[in-house]
Amino acid sequence: MSLPAELFRQLDMMVEERGLPSRSQLIAELIRHALAEHEAQTRPDEMLAGTITLVYRGDRGRVRQQLAESQAEYLKEVISSQHVFLEDDQSLEVLLVQGPAARLTSLCDALRGIRGVHQLQLVTTTALLPQLHEQDVVGSRDIIRPSKQKTNREVAA
C-alpha cells in the first residue's frame, strides 16, 4: 500500500497519539469501520449491531416521552439503553441496537425528527450478538430453548 507522504505522517502521528503498537492495527480498525458503514448503506437487509448515541435537551416539552415512544416502535431492534443527565438540562443516551441496516437507519431518522435532539450518531459493526434463545410455537404455548452455540472445537472442525 502506498500513501502520500503527508497522509503517512498524519497516520504515524495518530498511531503515536493513540498509543497503538503499529500502523497495521489502526489501518485494520479504519477498514472495519468503513466496511460496516458500507454494509449499512449498500445492503439494507444486512443484519448489523451497534450503538446509537444521542444528546438532547430535556426541557423541551415531551422529548423523553417521544424518544421512549419511538424506541418502543423499534422494540426488536433496541436491546438496551443507558441514560445520564448532563449539565444545562441536557441528556446523553446510548442505545444498544441490532437489526437490519434499513431498520436501524429508520430508527435513527425517527429519533432525529424529535425536536430537542441535538446530536445523533449510529456506529455499526457486522459482528452480531449471539442468539440467546430459540423460540418454537407449539399450539398456543411458546417453548423457549437455549440456543445451541458451537464451541471453538466444533467451529475449527
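Two strands pair if DSSP finds at least two bridges between them. Helices (H or I, at least four residues) and strands (E, at least two) are DSSP runs, numbered from the N terminus. With that in hand, T51 stands opposite L96 in β3. What you're looking at is a predicted model, where local features need pLDDT of at least 70 and side-chain atom pairs count only at pLDDT 80 or more, while totals for chains, interfaces and linings use all residues. Residues are numbered from 1 along each chain as its sequence is written, and side-chain values use heavy atoms, with hydrogens and water left out.

**The sheet**

- Four strands make an open sheet, and their order is β2-β3-β1-β4 with antiparallel pairing.
- The edges belong to β2 (78-85) and β4 (117-125); each has a single partner strand, so one side of each has no neighbour in the sheet.
- On average, neighbouring strands of this sheet are turned by 15° against each other, direction ignored; such angles run from 0 to 180 degrees between N-to-C directions, and axes are lines fitted to C-alpha atoms, for helices over the stretch in contact.
- As background, strands of a sheet pair through backbone hydrogen bonds, either parallel or antiparallel.

**Who pairs with whom**

- Strand β1 (residues 47-57) and strand β3 (residues 90-100) pair in the antiparallel sense, over 11 bridges.
- Besides T51 facing L96, there's I52, which stands opposite L95 in β3.
- β1 also pairs with β4 in the antiparallel sense, this time over eight bridges.
- Y56 has V117 as its bridge partner in β4.

**A look at Q119**

- Q119 sits in strand β4.
- With 51% relative accessibility, Q119 counts as exposed (buried means under 20% relative accessible area, exposed over 50%, partly exposed in between, using a 1.4 Å probe and protein chains only).
- Q119 and V55 are 64 residues apart in sequence, yet their C-alpha atoms are 5.1 Å apart in space.
- Setting aside neighbours within four places in sequence, Q119 is in contact with T53, L54 and V55, where contact means heavy atoms within 4.5 Å.

**The helices**

- Helix α3 (residues 63-73) and helix α4 (residues 101-112) pack at an angle of about 165°, with axes 10 Å apart.
- That makes α3 roughly antiparallel to α4 (angles under 35 degrees count as roughly parallel, over 145 as roughly antiparallel, 65 to 115 as roughly perpendicular and the rest as oblique).
- On the α3 side the contact is made by L67, S70 and E73, and on the α4 side by R103, L107, A110 and L111.
- By class, that contact of α3 with α4 has four nonpolar, one polar and two charged residues (Ala, Val, Leu, Ile, Met, Phe, Trp, Tyr, Cys and Pro count as nonpolar, Asp, Glu, Lys and Arg as charged, and the others, Gly among them, as polar).
- S70 of helix α3 counts as buried, at 10% relative accessibility.
- Beyond its neighbours within four places in sequence, S70 is in contact with L107, A110, L111 and I114.
- α4 also lies across β1, β2, β3 and β4, running at about 155° to β3.

- Most residues other than glycine have a negative phi, and most peptide bonds are trans.
- D88, in the loop between β2 and β3, has a positive phi near 55° without being a glycine.
- D88 is exposed, with a relative accessible area of 57%.
- D89, found in the loop between β2 and β3, has a positive phi of about 55° and isn't a glycine either.
- D89 counts as partly exposed, at 34% relative accessibility.
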